[in-house]
Amino acid sequence: MKFSLFLLLPAVQAFAPAFQSRATRSSPVLSMSAVSDGLLAEPHGGVLVDLMTEDVKGAVAKCNKEIQLQPRQLCDVELLMNGGFSPLTGFMDETTYKSVVENMALPSGLIMGLPVIFDTDDESLQPGDVALLKDGDREIATVEFTDKFLPDKPLECLNCYGTSQIEHPGSLMVATERGKYYMGGKVTGLNLPIRDFVCQTPKEVRAMLPAGKDVVAFQCRNPVHRAHYELFTRALDAPNLGEDSVVLVHPTCGPTQADDIPGTVRYQTYEVLKEETKNPRTIWAYLPYSMHMAGPREAIQHSMIRKNFGCTAFIIGRDMAGSKSSVTGDDFYGAYDAQDLLKEKSGELGVKAVPSLNLVYTEEEGYVTADEAETKGLTKKTLSGTKFRKALRAGEDIPEWFAFKSVVKVLRDNM
């Protein structure tokens with residue numbers, strides 16, 4: 001039996017009106033500027049948002065509430081502050097939330113894959129309140145709440161994740177982790193979070209990229225093995241990329257699925273691989289993003305974010321940001337659903353889709369495409385994830401065609 005969010009959430013939520021603002025306060029400091037860095041990719045909406053203020057004491061003095069951020073919220077706040085979610089200047093109000101859920105676009109018509117919301121169970125929080133958002137003792141941001149509403153969570157999950165069944169990790173997160181209410185509000189940035197790994201801002205990453213060249217982004221949430229490396233380096237030869245293009249390897253290091261490798265360990269594997277390969281056409285940076293496993297919709301969101309970081313193209317793999325049912329093990333999305341949606345929306349989004357090659361390892365010629373291996377009758381070698389993890393735990397040799405030695409060492413050291 002498959003359980004639906006409709007069994008968990010009262011139907012009245014879909015019709016609940018927003019609570020109206022009871023106070024007006026001064027707007028947060030906001031910097032929005034057209035970018036003249038010579039990169040081919042303009043920020044989404046044309047300007048790169050910067051919500052950081054120099055008047056931290058003044059911003060804190062306006063607050064009448066204090067809130068500890070959850071890990072997912074912390075990622076969202078950081079990307080709002082640094083412009084990763086440009087053109088957003090805060091958490092979505094009800095009108096914007098509904099527009100993104102129903103139309104995959106802001107009220108202006110600008111495409112956006114997933115809503116960016118602030119959730120809470122706190123009955124005392126009201127529109128007009130100004131809250132200090134903290135990560136432990138560190139003051140991260142303030143938010144001036146503009147509205148409070150009961151979201152239509154079943155519709156949100158159905159439209160954004162393709163299902164309202166709680167066996168989907170995204171739907172389960174919305175149903176069981178997110179609060180009863182969503183609140184819109186303007187964000188003012190105070191301090192970026194302190195992490196075990198540095199997450200460069202869009203402005204900082206854009207300064208690392210070559211002017212006038214295509215930059216193709218590679219998204220991952222797991223350690224990079226040989227096949228991944230072959231995939232993103234060969235993507236530079238894609239016919240829709242210009243000469244001397246580069247790849248931005250931009251892993252997400254925020255919360256993902258429960259059984260994924262922790263972000264700090266993933267970061268260590270990336271750092272040793274960066275040193276081992278030292279490829280001049282490969283640039284590394286890290287993204288404080290919380291995965292939704294939303295498949296096609298998340299492909300749009302990732303591409304939009306990477307556009308703000310200076311990328312003109314996005315490598316889109318098979319079943320990108322896909323997930324399986326926790327009950328049946330069935331895939332929620334088709335293998336090419338994310339690719340197809342990004343290709344369809346590429347012009348509107350302003351990001352070129354670069355479908356990933358389906359590579360296999362062969363005894364005779366190393367890594368080739370699956371079609372080439374089939375045509376030539378080459379001998380394919382495989383190693384399942386289950387066998388890899390078993391060999392990792394047992395201290396057995398892992399073939400170098402499958403994984404880099406430096407990455408294997410990090411994984412073993414952190415088991």
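Visitor: Two strands pair if DSSP finds at least two bridges between them. Over how many bridges do β7 and β8 pair?

Guide: β7 and β8 pair over 8 bridges, in the antiparallel sense. Strands here are DSSP runs of E with at least two residues, helices are runs of H or I with at least four, and both are numbered from the N terminus.

Visitor: Before going on, what kind of model is this?

Guide: This is a predicted model, in which local features need pLDDT of at least 70 and side-chain atom pairs count only at pLDDT 80 or more, whereas totals for chains, interfaces and linings use all residues. Residues are numbered from 1 along each chain as its sequence is written, and side-chain values use heavy atoms, with hydrogens and water left out.

Visitor: How many helices and strands does the protein have?

Guide: The protein has 13 helices and 16 strands.

Visitor: Back to β7, then. Which strand is joined to β7 by 6 bridges?

Guide: That strand is β6 (residues 130-135), which runs antiparallel to β7. L133 stands opposite A141 in β7. The hairpin of β6 and β7 has 2 residues between the strands, and G136 takes a positive phi near 65° there.

Visitor: How many residues of β7 are buried?

Guide: Strand β7 (residues 138-149) is mostly covered, with 9 of its 12 residues buried. Buried means under 20% relative accessible area, exposed means over 50%, and partly exposed lies in between, using a 1.4 Å probe and protein chains only. Of the 415 residues of the protein, 54% count as buried.

Visitor: A new topic: where does Y161 lie, and is Y161 buried or exposed?

Guide: Y161 lies in helix α4 (residues 153-161). Y161 is buried, and its relative accessible area is 3%.

Visitor: Which residues does Y161 touch?

Guide: Leaving aside residues up to four places away in sequence, Y161 touches residues including H168, G170, S171, M173 and V174. Y161 also touches A294; these two are 133 residues apart in sequence, yet their C-alpha atoms are 4.8 Å apart. Contact means heavy atoms within 4.5 Å.

Visitor: Which residues of helix α5 are buried, and what covers them?

Guide: In helix α5 (residues 169-176), the buried residues are G170, S171, M173, V174 and A175. Their cover includes α2 (71-82), α4 and β8 (181-189).

Visitor: And what covers the buried residues of α13?

Guide: The cover includes α8 (263-277) and α12 (385-394). Helix α13 (residues 405-413) has S406, V407, V408, V410 and L411 among its buried residues.

Visitor: Which strands form an open sheet?

Guide: The strands stand in the order β15-β14-β16, with antiparallel pairing. β15 (366-369) and β16 (380-381) are at the edges with a single partner strand each, so one side of each has no neighbour in the sheet. Strand β14 (residues 359-362) pairs with β16 over 2 bridges, and Y361 stands opposite K381 in β16.

Visitor: Last topic: what radius of gyration does the protein have?

Guide: The protein has 22 Å, which agrees with the value near 22 Å for a compact globule of 415 residues. The radius is taken over C-alpha atoms, and the globule rule is 2.2 Å times the number of residues to the power 0.38. Along the principal axes, the C-alpha atoms fill a box of roughly 70 × 55 × 40 Å.
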